[in-house]
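I set out to record what can be looked up in this structure, entry by entry. The notes follow the order in which I raised the points.

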Amino acid sequence: MKNEWPLWEIFIRGQHGMSHRHVGSLHAPDAEMAIKNARDVYTRRNEGVSIWVVEANNITASSPSDKGPLYEPSESKVYRHPTFFDIPEEVGAM
Amino acid sequence: MYAQMIKTAGTGVKSREEMTEQERAFQDKIDADIKIEPKDWMPDDYRATLIRQIGQHAHSEIVGQLPEGNWITRAPTLERKAILLAKVQDEAGHGLYLYCAAETLGVSRDELTEMLLDGRMKYSSIFNYPTLNWADIGAVGWLVDGAAIMNQVPLQRTSYGPYSRAMIRICKEESFHQRQGYDAIRKMAEGTPEQRKMAQDALNRFWYPALMMFGPSDKDSVHSAQSMAWKIKINTNDELRQKFVDQTVPQAEYLGLTIPDPDLKWNEERGHYDFTQPDWSEFFDVIKGNGPCNTDRLAARNKAWDDGRWVRDGLLEHARKKRARKVAAE
C-alpha cells in the first residue's frame, strides 16, 4: 500500500436534525484527525452539533443489482400504509 | 468554468442501435434523470471523462487558493482579511468535496495530486493570471467566481450522483464568494480617484481571462455532444459565456466602470449583448503552460506537497503505532 491516509465517511447531526446524515468523506490518518478535519470541511457554517466518522472500508453497502429482490417485495404491500384503510367519516380522526 | 477543454473519452455519441443492452439501460437512466451512483454499471468512457472533468475542477479549486492567498496578509482591514481567509478556506473545502467525488470513480487522491503536480492534469486557465493589487481580489470574486457559478449551477443537475451532491454544496457557498468580491470592488469604485482607477484597471485585466473560463467557442469544442448526452455538461460554452456577459454588464454599469470592449452593445433583436471574443491564441498559450503564472503555481503546489511529506508520513506512522499499542494491550 502507498502512504495514503485512509478514507473516512462523515456523518453530521444538525442543530434540529433527528439523526446523523452522511455528508461526504475525507482522508485522515486516524479517527481523531478525521473528526478535526470533518469539523473544518463540513461544519464551516453551523451545519452540525455532532460528528461521526467511520473508516470507509468498514462500511458494507448493498449492491445495486440486488435492488429488485431487496425492495420490490414491499411495493405490493400497500396495506402497510394507513391510507389503505377507509375509515367512515362518522368515526372521526384516527 | 473550472473545467475547460475536457477531452471526452470514446468515439462520440452512439445511436441506440449501436449501443449494447447495458449502454442502452444506462442512457435511459440518464434520460430519465436517475442519478448514476458509484457502484452502478457505467461505460468506461463515462468514467474516464468524469475523472478528468471532476479532477480538473478539484485542481482548479486548490490552485485557485494561490492568487487570493497572496493577499491575505495584506488585506486593507481586519474584516476584509477575515472574509478573504474564510473564502480561501472554502476553496480548499470545495477542492476536497470534488476530490472525494472523483475518488468514488476508482482513482486515488494521491494519483490525482500527482497528475496535477507533473502536469498530466490541468486546472482552469484563469489561475495563471497574477493578482497584482487589492482591487484584483475584488475582481476575482466578482468575475471569476461569477463565471464559476454560471457553470456550477446547472452542474447541480449532472447525472453522476456524487458530483451532483458536491456541486450542490459548492453552489450554496459560492454566492458568498461573488458577493464579497463585488462588495470589495464597489468600495474601491466608490472611493478616491486613485482607488477608482485601480478598480477599472483590475476589470480591464480580468475581463477577457474571465470570458476564457468558459472554454473555446462551440464551433471549436469537438467533444461536447457526448458529454451533453451523458449530462456531465449541461450548457454549451457559448451559451454560458453569453449569460455571463448579460449578467455582468449591468453590474459594471452600476459601479460606473467600463467593460474593456468598445464593441460591446445591447442587441435588441437577440435580446443579448454583442461582445468581442477573447484572444483565443492567448488562451491556448496559457493552457499550454505559457501564462504569466503557470510556473509559479505548479512550483508552489509541488513545494507544498514535498514540504508536507514528513507531516503526512509522520501522522500515518503515529496512527499505526497507536493501533499496534492498543492491540498489544488487549
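Which residue of E3(A) is the bridge partner of A:Arg13? I looked it up and found A:Ser50. I note at the outset that the model is a predicted one.

**Entry 1: the sheet of chain A**

I next asked how the strands of chain A are arranged. Three of them form an open sheet, ordered E2-E1-E3, with antiparallel pairing. Strand E2 (21-27) and strand E3 (50-55) stand at the edges of the sheet. Each has a single partner strand, so one side of each is left without a neighbour in the sheet.

I then went through the pairings of strand E1 (residues 7-13). Six bridges join E1(A) to E2(A), and the two run antiparallel. In this pairing A:Phe11 has A:His22 as its bridge partner, and A:Ile12 stands opposite A:Arg21. Towards E3(A) I again found six bridges, also in antiparallel orientation.

Is E1(A) largely enclosed or open? I found five of its seven residues buried, so the strand is largely enclosed by the rest of the structure.

**Entry 2: positive phi values**

I looked for residues other than glycine with positive phi. A:Asn46 has a phi near 60 degrees. A:Asn46 sits in the loop between helix H1 (31-42) and E3 of chain A, and it is exposed, at a relative accessible area of 66%.

In chain B I noted B:Lys231, which is not a glycine and has a positive phi of about 55 degrees. B:Lys231 belongs to the loop between helix H9 (224-229) and helix H10 (237-255) of chain B. With a relative accessible area of 21%, B:Lys231 counts as partly exposed; the cut-off for buried is under 20%.

**Entry 3: helix H12 of chain B**

How many residues does H12 of chain B have, and what is its span? I read 14 residues (294-307) and 20 Å from the first C-alpha to the last, close to the 20 Å expected at 1.5 Å a residue.

I then checked burial along the helix. B:Asn294, B:Arg297 and B:Trp305 are buried in H12(B). They cover an arc of only 80 degrees around the axis, which puts them on the same side of H12(B). On the other side I found B:Thr295, B:Asp296 and B:Lys303, which are exposed. The cover over the buried residues includes helices of chain B, among them H2 (44-63), H5 (109-117) and H13 (309-329).

**Entry 4: aromatic pairs**

For B:Trp142 and B:Tyr182 the ring centres are 5.6 Å apart and the planes stand at 65 degrees, so the pair is edge-to-face. The pair links distant parts of the chain, 40 residues apart: B:Trp142 is in helix H6 (residues 134-155) and B:Tyr182 in helix H7 (residues 161-189) of chain B. Both B:Trp142 and B:Tyr182 are buried.

I recorded a further edge-to-face pair in B:Trp280 and B:Phe283, at 5.3 Å centre to centre and 90 degrees between the planes. These two residues are three apart in helix H11 of chain B and thus separated by about one helical turn. B:Trp280 and B:Phe283 are both buried.

Finally, I noted a cluster in which ring pairs link B:Phe26, B:Trp41, B:Tyr46 and B:Trp230.

Note on methods:
Residues are numbered from 1 along each chain as its sequence is written. Chains are lettered from A and ligands numbered from 1 in the order in which they are written. This is a predicted model: local features need pLDDT of at least 70, side-chain atom pairs count only at pLDDT 80 or more; totals for chains, interfaces and linings use all residues. Side-chain values use heavy atoms; hydrogens and water are left out. Two strands pair if DSSP finds at least two bridges between them. Helices (H or I, at least four residues) and strands (E, at least two) are DSSP runs, numbered from the N terminus. The expected span of a helix is 1.5 Å times one less than its number of residues. Buried means under 20% relative accessible area, exposed over 50%, partly exposed in between (1.4 Å probe, protein chains only). The arc is that of the directions from the helix axis to the C-beta atoms. Contact means heavy atoms within 4.5 Å. Rings of Phe, Tyr and Trp (its six-membered ring) pair if their centres lie within 6.5 Å; planes under 30 degrees apart count as stacked, over 60 as edge-to-face and the rest as tilted.
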